[in-house]
Amino acid sequence: VQGEVCNMINKKYNEFLPGVQSAEDLVSQVDGLSSNIDLLKAGIENEVQRDLNVAVAEFTELKQQLERDTLVLSILKKLQEFDTAIKEYNTALLEKKYVAAAQQLEKARSNLKTLESRKGFELKILKALGTELTVQTQNMLYHLGEEWQKLAVWKLPPSKESNSLESVMHLELQLRTAPSKEEEIAGPPVASVLQAFAVLGELHTKLKIFGQLLLKYILKPLISYQSLQPFTEEQSDAFILRFKSKEPKLDHSSPMEVFDKIKLVFEVLHKYLLNVPLEQPMEDKEECRVTLAELLGGMIWEELSDCLIQNCLVNSIPTNSSKLEQYIEVIKSTEEFEKALKNMKFLKGDTTDLLKYARNVNSHFANKKCQDVIVAARNLMTSEIHNTVKITPDSCVALPRLPDPGAGDDLKMQINSKPLHNDMVHLENETKLSQHTFSLPTCRISSSVEKLMELAYQTMLEATASTDQCCIQLFYSVRNIFQLFYDVVPTYHKENLQKLPQLAAIHHNNCMYIAHHLLTLGHQFQYRLTNILCDGAATFVDLVPGFRRLGMECFLAQMRVQKGEILERLSSARNFSNMDDEENYSAANKAIRQVLHQLKRLGKVWQDVLPVNVYCKAMGTLLNTALSEMVTRIAALEDISAEDADRLYSLCRTMVEEGPQVFTPLPEDDKNKKYQEEVPVYVQKWMMFKELMIILQANLQEIVDQWADGKGPLAAEFSAAEVKSLIRALFQNTERRAAALAKIK
């Protein structure tokens with residue numbers, strides 16, 4: 001067994017030994033390769049890497065040099081292009097090829113901007129080049145300016161006041177139509193000069209100045225002055241535009257005439273100056289070029305349009321609705337005017353503000369009519385109040401007869417109701433009201449107020465013949481008239497209304513007159529107004545209380561002033577005491593005379609002004625104030641001697657005799673007696689005053705009889721305490737007086 005084991009081990013050893021030897025050989029080979037690798041690595045690191053770094057550095061340097069050379073080359077190329085452009089510009093300028101010269105200048109400017117944009121590469125020469133470019137540009141603009149002045153020569157008015165008609169007549173505009181022989185160039189001179197301006201970016205400035213001159217000295221004067229007419233004269237090398245004057249036929253030019261004048265000017269400008277494209281023609285863009293006329297139109301059209309509206313179309317708006325149909329001619333003329341300007345390329349786009357204004361004539365008519373109505377109304381309100389006219393119950397506003405209400409349910413109702421009224425006629429009361437029952441009483445009003453009311457009626461009549469919108473505006477303008485009166489008149493005439501009794505009375509009548517008409521003004525037109533207003537909206541009744549109050553307050557304020565003056569005069573009567581003193585009696589008599597004089601003066605200034613009933617009430621109230629004050633003062637006396645009583649009676653008799661004479665409401669004296677006899681009706685204290693006079697002259701028994709146990713006429717006017725006070729003042733303290741006092745209770 002052991003032998004077998006040993007054989008097996010030897011066998012395995014013999015098999016293993018070659019593998020070990022092979023592995024050892026491989027290890028030795030690997031070690032050799034590893035040493036070779038180390039040698040190679042050391043060689044690369046020491047020699048190849050150094051050579052590579054040198055090559056990279058050389059490549060980078062060459063690359064940077066190339067970039068510098070390329071940049072220098074491009075700059076030199078731009079400098080060369082700049083120099084070439086300047087040389088070609090000078091050549092073109094000498095040959096008067098202005099567009100080419102301007103293009104070369106712009107090319108040079110573009111090259112200079114490119115050079116200046118190079119960061120980190122600044123050349124001192126660039127500043128010199130910029131200066132040269134500026135000099136050459138200004139030189140070019142100077143030459144173009146000289147040419148432009150030859151193309152369009154303005155001879156402006158010498159006067160500083162260049163807007164006057166006489167000054168404008170000296171204006172002249174010459175447009176050159178052909179170049180002189182020594183200046184002949186290819187293409188028209190106008191196109192060359194203006195296109196060169198456009199290339200240099202200066203055309204807008206030049207054209208703006210030209211447009212302002214055109215507006216100020218030609219277009220606006222033609223619109224403003226009707227007599228001014230454009231006059232043209234064609235010469236061999238120029239076309240001259242100037243003005244001539246003719247006698248105007250109307251106050252304002254018709255829009256058609258103005259449009260024709262403006263159109264003539266634009267036709268001349270279009271033919272000889274402005275029909276020029278801003279750029280030279282291109283083969284593929286022939287149809288989309290912008291012309292000089294379009295550029296100028298964009299600059300001046302808005303201002304020209306406003307001027308045409310304010311100074312021409314506004315004046316042509318009709319003042320009467322019957323003339324509105326004729327305005328279609330103005331609208332057509334405006335359309336044709338704009339069409340002509342569009343054909344000449346002065347205008348572009350659709351409808352302008354000018355045509356919109358003309359087409360909106362109904363609205364402008366309403367606005368103008370309303371404005372005119374308000375202006376006319378305000379002028380009437382601020383005119384003198386004291387110029388008056390007499391109003392009687394038969395008076396009516398001067399208007400044409402209004403037509404009957406239109407057909408419809410209202411008319412049918414009237415027709416159907418006739419037989420019913422005929423059948424029932426026997427039921428009517430035979431007693432009929434006077435035709436003047438609801439009329440305004442006879443009085444005087446301001447003529448301006450009568451005209452104001454006529455204006456209101458005429459405007460309402462105008463509204464019935466107008467379109468719905470215009471009708472509404474005119475109706476509310478009439479309302480505005482009365483609201484304006486309510487605000488303006490009391491303020492504008494405030495001082496006179498406070499100081500002058502007659503004006504206060506006239507203002508009172510004016511307000512009542514207006515209120516009287518306002519009651520029915522809307523009703524009279526309700527069937528003829530637009531449907532929007534006929535359903536109860538067309539009324540002025542709401543204004544009536546305000547006008548009545550306005551008139552009453554003004555007159556009552558004047559009444560308070562007069563009452564104050566009466567009381568002030570009576571205050572100088574020394575309380576009517578000690579009338580036996582001559583000085584006291586004289587003062588009292590003077591005070592009464594002054595009161596009567598005041599009342600007579602008021603009676604005269606209100607005569608034939610106030611309605612009779614108002615006149616009598618006003619005079620009665622003032623006379624009553626005087627009598628009431630005298631009664632109060634005399635009844636307050638504690639001691640009245642017999643002589644005092646006689647003199648007091650004399651003073652009272654003066655008031656009773658002369659007081660009624662202040663009642664003179666009518667100019668005819670014989671007609672005033674009726675009102676003088678009715679004084680007790682208007683003077684509340686009249687009977688009391690007469691009873692006081694009786695007491696002053698009566699004895700104790702007569703006073704007791706007048707009292708009649710509180711049932712007599714004395715008791716109707718005085719209280720028991722007042723009668724007793726008078727008895728104590730008039731009579732000495734005796735048994736008879738005591739007995740009389742006992743009966744007064």
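These questions and answers look at salt bridges in a predicted model.

Residues are numbered from 1 along each chain as its sequence is written. In this predicted model local features need pLDDT of at least 70 and side-chain atom pairs count only at pLDDT 80 or more, while totals for chains, interfaces and linings use all residues; side-chain values use heavy atoms, leaving out hydrogens and water.

Reader: How many salt bridges are there?
Author: Let's start with the rule: a salt bridge is a side-chain nitrogen of Lys or Arg within 4 Å of a carboxyl oxygen of Asp or Glu. By this rule the count comes to 15 salt bridges.

Reader: Is Glu462 buried or exposed?
Author: Buried means under 20% relative accessible area, exposed over 50%, and partly exposed in between (1.4 Å probe, protein chains only). Glu462 has 11% relative accessibility, so the word for Glu462 is buried.

Reader: What separates Arg653 and Glu657 in helix α21?
Author: Their side chains meet in a salt bridge, at 3.8 Å from N to O. Arg653 is partly exposed at 36%, and Glu657 is partly exposed at 48%. The two are 4 residues apart in helix α21, so what separates them is about one helical turn.
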